[in-house]
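Here are some notes on the model you passed along, as numbered points. Have the structure open while you read.

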Amino acid sequence: MIHISDEEFEQFVAQTCARTYRRQEILSVPDVVPNELFFIWKGLIRVMIPDQAGFDHTIHFALENQFIADYSSFLQHQPSLYTLQAVEETQVVVLPRSAIEWGYLHMQEGQKLGRLIAEFYFIYQDNRIKNMYARTPKQRYDSITDVFPNIHNRVPQHMIASYLGITPVHLSRLKKQS
């Protein structure tokens with residue numbers, strides 16, 4: 001996403017750590033201020049939010065080569081509403097707040113990287129809202145692999161249904177129509 005010197009890269013990476021999460025292991029929980037971002041090296045993460053009845057709704061999946069966190073809560077130093085869960089064994093690079101701040105201050109294009117990541121997620125969220133309200137469940141189902149390649153082979157159907165905002169029964173009907 002940016003040009004980075006070998007020296008900048010080495011200094012930045014020295015402030016991070018690698019971690020592997022088992023299938024269904026939780027990376028981040030609600031009611032805690034997130035102080036780290038995750039870069040997914042390998043695997044898949046589900047982002048969930050509970051409703052008033054305590055039922056979890058899938059609002060996002062994050063795949064390889066993507067950053068993930070409750071970014072808004074991270075930026076505002078506020079408790080998160082989201083749960084981040086590894087759907088499969090997932091290897092991440094953990095970027096603590098101190099590393100992000102160091103990157104903004106010391107990397108020649110650190111602020112540009114932050115802006116590009118923020119723009120990516122803004123566009124994703126904007127498209128997500130448009131899709132939920134302006135497209136039919138069938139249209140959302142038909143286009144899910146454009147956003148998340150190979151998702152049907154990696155995620156249980158009930159999570160896909162939750163992401164699409166439909167019941168698993170409705171998802172089964174849509175799959176029969178395709």
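**Notes on the cores, the rings and the overall fold**

1. Let's start with the inside. This is a predicted model, and its largest nonpolar core has 18 residues. The residues with the most contacts inside that core are F61, F148, I151, V155 and L164. Helix 5, helix 6 and helix 7 (168-177) each put in at least two residues, and helix 6 gives the largest share, five residues.

2. What does L164 touch, once residues up to four places away in sequence are set aside? Its partners are M132, R140, Y141, I144 and L171. As general background, nonpolar side chains in soluble globular proteins tend to be buried together.

3. Now the rings. Searching the whole structure turns up eight aromatic pairs. One of interest is F61 with Y163: the ring centres are 5.6 Å apart and the planes sit at 40 degrees, so this pair is tilted. F61 belongs to strand 5 (residues 56-62) and Y163 to helix 6 (residues 157-164), so the pair ties together parts that are 102 residues apart in sequence.

4. Are F61 and Y163 buried or exposed? F61 has 0% relative accessibility and counts as buried. Y163 has a relative accessible area of 8%, and since the cut-off for buried is under 20%, Y163 is buried as well.

5. Y163 has a second ring partner, F148: here the centres are 5.3 Å apart and the planes are at 80 degrees, so the pair is edge-to-face. F148 sits in the loop between helix 5 (137-147) and helix 6, while Y163 is in helix 6, so this pair ties together parts that are 15 residues apart in sequence. Both F148 and Y163 are buried.

6. Two arginines are worth a look beside the rings. R128 lies over the face of Y163, 3.8 Å from the ring centre. R97 does likewise with F74, at 4.1 Å from the ring centre.

7. On the fold as a whole: the protein chain has seven helices and eight strands. Its radius of gyration is 17 Å, close to the 16 Å that the globule rule gives for 178 residues, so the chain is as compact as a globular protein of that length. The C-alpha atoms fill a box of roughly 55 × 30 × 30 Å along the principal axes.

8. Some chain totals. Of the 178 residues, 40% are buried. The accessible surface comes to about 10,400 Å², and carbon and sulfur atoms account for 55% of that. Taking contacts between residues at least 6 apart in sequence, 74% join residues at least 24 apart.

9. Last, C17, which lies in strand 1 (residues 17-21). C17 has a relative accessible area of 42%, so it counts as partly exposed. Which residues does C17 contact, leaving aside neighbours within four places in sequence? They are V92, V93 and V94. C17 and G165 are 148 residues apart in sequence, and their C-alpha atoms are 35 Å apart in space.

Conventions
Residues are numbered from 1 along each chain as its sequence is written. This is a predicted model: local features need pLDDT of at least 70, side-chain atom pairs count only at pLDDT 80 or more; totals for chains, interfaces and linings use all residues. Side-chain values use heavy atoms; hydrogens and water are left out. Rings of Phe, Tyr and Trp (its six-membered ring) pair if their centres lie within 6.5 Å; planes under 30 degrees apart count as stacked, over 60 as edge-to-face and the rest as tilted. Helices (H or I, at least four residues) and strands (E, at least two) are DSSP runs, numbered from the N terminus. Buried means under 20% relative accessible area, exposed over 50%, partly exposed in between (1.4 Å probe, protein chains only). A charge sits over a ring if NZ of Lys or CZ of Arg is within 6 Å of the ring centre and within 35 degrees of the ring normal. The radius of gyration is taken over C-alpha atoms; the globule rule is 2.2 Å times the number of residues to the power 0.38. Contact means heavy atoms within 4.5 Å. Accessible areas come from the Shrake-Rupley method with a 1.4 Å probe; for residues, only the protein chains shown count as cover. A nonpolar core is a set of buried Ala, Val, Leu, Ile, Met, Phe, Trp, Tyr and Cys residues joined through side-chain atoms within 4.5 Å.
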